[in-house]
Each structure stands twice: as structure tokens, then as C-alpha cells.
Amino acid sequence: MFDQASSLRELMRNVQKDNTLIAPNIKFQPKIPTVLAISGGKGGVGKTLTTANLGLCMARMGMRTLLIDGDFGLANLDVVLNLRPQFTLDDVLCGERHLKDIIMTGAEGVRIIPSSSGVMRVPELDKLQKLMLLDQIESLDEEFDVVLIDTPAGVSKNVQYWTSSSAEVIMVVTPEPTSLADCYASIKILSQTTAENSFKLIVNMVKNDIEAKKIYDKISTLSDEYLQVRVEYLGYIPFDESVRNSVRERTPYVQRYPFSAASQGLRDISRQIITQGTVGQLKGTMQFFWRKMVAANSPDIIGYK
Ligand SMILES: Nc1ncnc2c1ncn2[C@@H]1O[C@H](COP(=O)(O)OP(=O)(O)OP(=O)(O)O)[C@@H](O)[C@H]1O
Ligand SMILES: [Mg+2]
């Protein structure tokens, strides 16, 4: 664990000044990856695009990165990454494939576990499926430094499962009042159902950092005052037409438009995640194991019923 933290600090020393390319060939020796869930409450706030582009940034930083599409039934991480999966998590959950057999490789060597779209064989995970999935993800531990999970909108049991299986929950929020309200409501519900008392925040589709900070202040003040939950600021992604163009072109914007304002914002966020020390901390590395222990003793905590 400490080796990993020092490797990350070493990595940060090698980030180039122009912020565009980060030293390749940095060798990490971690044993267990840090798992980060990307959530947000409201639909369409940018969770999937943030997961995909953050994954590419981290992979480019030399981190062995795994992306999981946790949005069963309405998956689209594969679309954003221009992949055409033959098998998906649906096949794993139905016992027809092992997780290892469905992993795909995208740009920058990022690895992806796709989900299915338009198929609802597994609308909500049962207890056995939850444990089996955690076991199979854990079997990949030594292969990855970081795992990013794209969660669906809302606060369903599946969202609770993913967020409680993660070291950190990153909330994505936009300036729309409905997004702010849903983000706060989600923090409230997730903190109550999963006992998570600390969240990270990315503000998406804003004009500038002043607008982003105002939104962060509102959410963190409310969460602190009424929920006793800490919210930390990771950064912002400006509203940027190149994001929409990149979706149409089925190429992540950090790859297609590396010098766009959105790409710059995302790179700053990646650096912030690393410098805040989330990756490589004990909390992250122990999380899956810890959750399983808790789940075994307290069936309700991640919807084990
Ligand atoms: N920074 C941005 N600038 C401009 N448009 C953006 C930005 N971020 C996201 N969008 C737009 O928002 C749309 C929705 O993004 P995305 O699919 O990532 O949201 P989501 O939260 O995953 O949605 P869902 O809840 O349906 O899973 C994108 O197709 C894109 O057009
Ligand atoms: Mg999505």
C-alpha cells in the first residue's frame, strides 16, 4: 500500500508542465486497486462520460485502469468508448461467462467490463450475484491500480451496491437546480443506507470555476450541516461543445479533443484525485473485503436480503 502511495507521488513529480502528457513507463507495485464509484443522482449529468474520460486520463498517467459499466439494462460506456461487446456483465450474472472472459481493451490500454443495453435479465442483483461479482472483481485485484464504476442514475439497490463496494463515491452535479437537489438527496440517502460519510464532487457543464465553486459550497454546506457528511471538491468540467461532438464521433473527448476546455478540466481532476491521496490509501484497498465482512453481519447495509 505504501509503495503504491509513493509511486503515485513519484508519478506526480513527472507530470509535464503543459499538462498534456504524463510520464509513461512508471511501474507500480500495488496489490489491490482503489475502487471509485461515479454517481450523481440525476440522469444525464455526465457520469458515463466522466468515467470514460477519467479512465483514459488515469491510464495515460501510467495507471492500470479498469472501467466497469454498472448501469445494467441501459449501459452505454461501450458506446462512448466505441466498443462492440460480444458478452456483458449480464452473461456473468447469469453464470454463463466468467468476468475475465468479457473484459475488453480500449484506447490507452484501458480495460472495460461492459454491461448490456435493452436486456433486463438481471434488473436487480440478488445476494448471491452480489457476492459472486465482488469475488470475481477481487480476483482481478493484482492486475489493476484503479477501478472506476459508472453507476446508473438514482439511488436504487444496485447503486447502493456499487457505491458501498467502493473506496470513494464521486458525485457528478450540474448547475441545474434539479441536479443540485438530486445530488443532495442522493448523498442523504446513500449516507443513510450505506454508512458512507464522505463524498467527492465534480461539477460538470459550468461556465467557469467561480460557478463551480458556488455549487460545491452549497452542497458541502448543506451536507455538513444537516447530514454530518463531508464533501470534497475535485474540480469542474466546463460546458463544452467538443464534448457533444465527441459523443457523436464515439471517441472520448480527452482523446479526440485533448486541448479542449473539458479535457483540461478532466486532467486537473485526475491529478486532484491522485494528489488528494485517495488512490493508494488503506480505505480504498480494504474496501471490498471490509464491505463483505459488514454484509455478512449486517444484511441491510448493501441490500443483502
Ligand atoms: N461538459 C459537458 N459539456 C457539454 N455537454 C456535456 C458535458 N458533459 C456531458 N454532456 C452532455 O450530456 C450528455 C449525457 O452525458 P452522460 O451520458 O455521461 O450522462 P449520464 O449521467 O451518464 O446519463 P445517465 O444518467 O443517462 O446514465 C452527453 O451525451 C453530452 O451531450
Ligand atoms: Mg450514464
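Two strands pair if DSSP finds at least two bridges between them. Helices (H or I, at least four residues) and strands (E, at least two) are DSSP runs, numbered from the N terminus. The model is predicted: local features need pLDDT of at least 70, side-chain atom pairs count only at pLDDT 80 or more, and totals for chains, interfaces and linings use all residues. Residues are numbered from 1 along each chain as its sequence is written, chains are lettered from A and ligands numbered from 1 in the order in which they are written, and side-chain values use heavy atoms, without hydrogens and water.

Start with the sheet. It is open, has eight strands and mixed pairing, and runs in the order E3-E4-E2-E5-E1-E6-E7-E8. Its edges are E3 (104-105) and E8, each pairing on one side only. Helix H7 (residues 157-164) packs on this sheet. H7 touches E1 (34-39), E2 (65-69), E5 (146-150) and E6 (168-173), where contact means heavy atoms within 4.5 Å. The direction of H7 makes about 145° with that of E1; axes are lines fitted to C-alpha atoms, for helices over the stretch in contact, and angles run from 0 to 180 degrees between N-to-C directions.

E7 (residues 198-206) and E8 (residues 230-238) run parallel, joined by eight bridges. The chain passes from E7 through H9 to E8 in a right-handed β-α-β crossover (clockwise from the first strand over the helix to the second, with the strands pointing away from the viewer). Across this pair, Leu201 stands opposite Tyr233, and Asn204 opposite Ile237.

H9 (residues 209-227) also meets H8 (residues 177-194): their axes come within 11 Å and cross at roughly 30°. The crossing is right-handed, meaning that the near helix is turned clockwise from the far one by less than a right angle. Leu180, Tyr184 and Ile187 are among the H8 residues in this contact, with Ile219, Leu222 and Tyr226 among those of H9. The contact residues divide into nine nonpolar, one polar and two charged.

Finally, charge pairs. There are five salt bridges (a side-chain nitrogen of Lys or Arg within 4 Å of a carboxyl oxygen of Asp or Glu). One joins Glu108 and Arg60, at 3.1 Å from N to O.

Key:
Ala, Val, Leu, Ile, Met, Phe, Trp, Tyr, Cys and Pro count as nonpolar, Asp, Glu, Lys and Arg as charged, and the others, Gly among them, as polar.
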